[in-house]
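Here is a short report on one protein chain.

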Amino acid sequence: MLRASKRIIVISERVNRYSFRALIDGIDLAQFEANPVMLWMHNRAFGRKDEVFLPIGNVIELKKEVLPDVGYVITGQPLFDDTDEFAKSIYNKFENGTLRMASAGLIPIEWSEDIALLMPGQKAGTLVKSILEEISMVDIGADSNALAIALYNQNHELIQLSHNGDNAEIPVIKNPKIEKEMLKIELTAAKAAVLLGLKDVSSTDEFETKVSEVVQLAQSQKTQIETLTREKTEADGKVVQLTADLTKEKSVQLSSKIELMVQGAVDARKITADEKPHYVSLAAANYDTVEKVLSTKTGTPTVQTQLALATASAGATVKTWDDLDKSGKLVQLKADDPTLFTQLYKDKFGVEYKK
């Protein structure tokens, strides 16, 4: 076998001359690799012996790769039959550059009309799944990479494709992507001078100087915009931080204010110490309402206060130990006024009260 000095591009993912394309990763290579036959112009050995072309060799070492300016492709290494004079002639023409093209013979398995798969200029479907039937050396390619393509039916018969796009085997996209040529705008020197603020253009240097000024102005404005944008971003960040700090400070102040109010209510005997957490929680949710509620409450007087009030109203002296003992108020007096309690104890028993 004559091994070619260069590899061939078998097929790419670009749109071919029949307005469709095939996805490389959807091509099954297993069948071909088991029988890597290389034909001439997709001609099979059918019919009369003097009218057919036998295979001219093999294509081995298939590889899926990305090539510069071409994209995702399948490449292969051609081997030409050195016992066949025609095959050797094709080999020589390939080596000297007369022939440069190869073509993939595919059996379509699945077509897609998904718009997302379309490329510019594609009017037919995308062949997303196929089987590589054979590879041929050809004289004229089908797409911008000088690559041809052929399709086979399920009976392994070559499908004759029409270049005008009238191919029933290939689904036509109902809404193909249409390449629109960009509108060309011609700008005369006189019009350019007006746009640049010049009354007249007397020389190329004057025109270039004005253009340079405009470019520099644009660059300066761009720099100013970038600076202002950066400063605004920094200022926004500071505002966010200050807002967070202010919110935190207000929270601390409110907590102190609540503590002062509720503890004051406890000290004034308006609420008990056990009730304090409940009122703190309520005040955190609605300070004004709790403040109003506590302001209307009356503190419970101490035993000492009650005794003083009773004495004042009766015009009598402070009650004795026995009076308080009979009324069951000694325990309360001890808690509210330890000094009075110890004094009454000494008066009663003649000794100091031992704690």
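Axes are lines fitted to C-alpha atoms, for helices over the stretch in contact, and angles run from 0 to 180 degrees between N-to-C directions. Helices (H or I, at least four residues) and strands (E, at least two) are DSSP runs, numbered from the N terminus. This is a predicted model, in which local features need pLDDT of at least 70, side-chain atom pairs count only at pLDDT 80 or more, and totals for chains, interfaces and linings use all residues. Residues are numbered from 1 along each chain as its sequence is written, and side-chain values use heavy atoms, with hydrogens and water left out.

**Overview**

The protein chain holds 10 helices and 11 strands. It has 355 residues, and 32% of them count as buried (under 20% relative accessible area; exposed is over 50%, partly exposed in between, with a 1.4 Å probe and protein chains only). Take the contacts (heavy atoms within 4.5 Å) between residues at least 6 apart in sequence: 65% of them join residues at least 24 apart.

Two packed helices are described by the angle between their axes and the distance between the axes. The table gives both values for each pair.

| Pair | Axes come within | Crossing angle |
|---|---|---|
| H4 (204–267) and H5 (276–285) | 10 Å | roughly 140° |
| H4 and H6 (287–296) | 11 Å | roughly 15° |
| H5 and H6 | 5 Å | roughly 135° |

Angles under 35 degrees count as roughly parallel, over 145 as roughly antiparallel, 65 to 115 as roughly perpendicular and the rest as oblique. H4 and H6 are therefore roughly parallel to each other. A crossing is left-handed if the near helix is turned anticlockwise from the far one by less than a right angle, and right-handed if clockwise. H4 passes H6 in a left-handed crossing, and H5 in a right-handed one.

Now the side chains. From H4, Leu254, Ile258, Glu259, Met261, Val262, Gln263 and Val266 meet Lys276, Tyr279, Val280, Ala283 and Ala284 of H5. That contact has nine nonpolar residues, one polar and two charged. Here Ala, Val, Leu, Ile, Met, Phe, Trp, Tyr, Cys and Pro count as nonpolar, Asp, Glu, Lys and Arg as charged, and the others, Gly among them, as polar.

Against H6, H4 uses Leu254, Lys257, Ile258, Met261 and Ala265, which meet Tyr287, Val290, Glu291 and Leu294. Seven of these residues are nonpolar, none polar and two charged. Between H5 and H6, Tyr279, Leu282, Ala283 and Ala285 meet Tyr287, Val290 and Leu294. This contact has seven nonpolar residues, no polar and no charged.

**Nonpolar cores**

A nonpolar core is a set of buried Ala, Val, Leu, Ile, Met, Phe, Trp, Tyr and Cys residues joined through side-chain atoms within 4.5 Å. The largest has 32 residues, and Ile11, Leu62, Phe80, Leu106 and Leu132 have the most contacts inside it. Elements that each supply at least two of its residues include strands E6 (57–67) and E7 (71–80) and helix H2 (85–95). Beyond its neighbours within four places in sequence, Phe80 touches residues including Met1, Met38, Ile90, Phe94 and Met137. A second, separate core has 11 residues, among them Ile258, Val262, Ile271 and Tyr287.

**Backbone details**

Which non-glycine residues have a positive phi? Ser19 has one of about 70°, in the loop between E2 and strand E3 (21–22). Met41 has one of about 60°, in the loop between E5 and E6. With 28% relative accessibility, Met41 counts as partly exposed.
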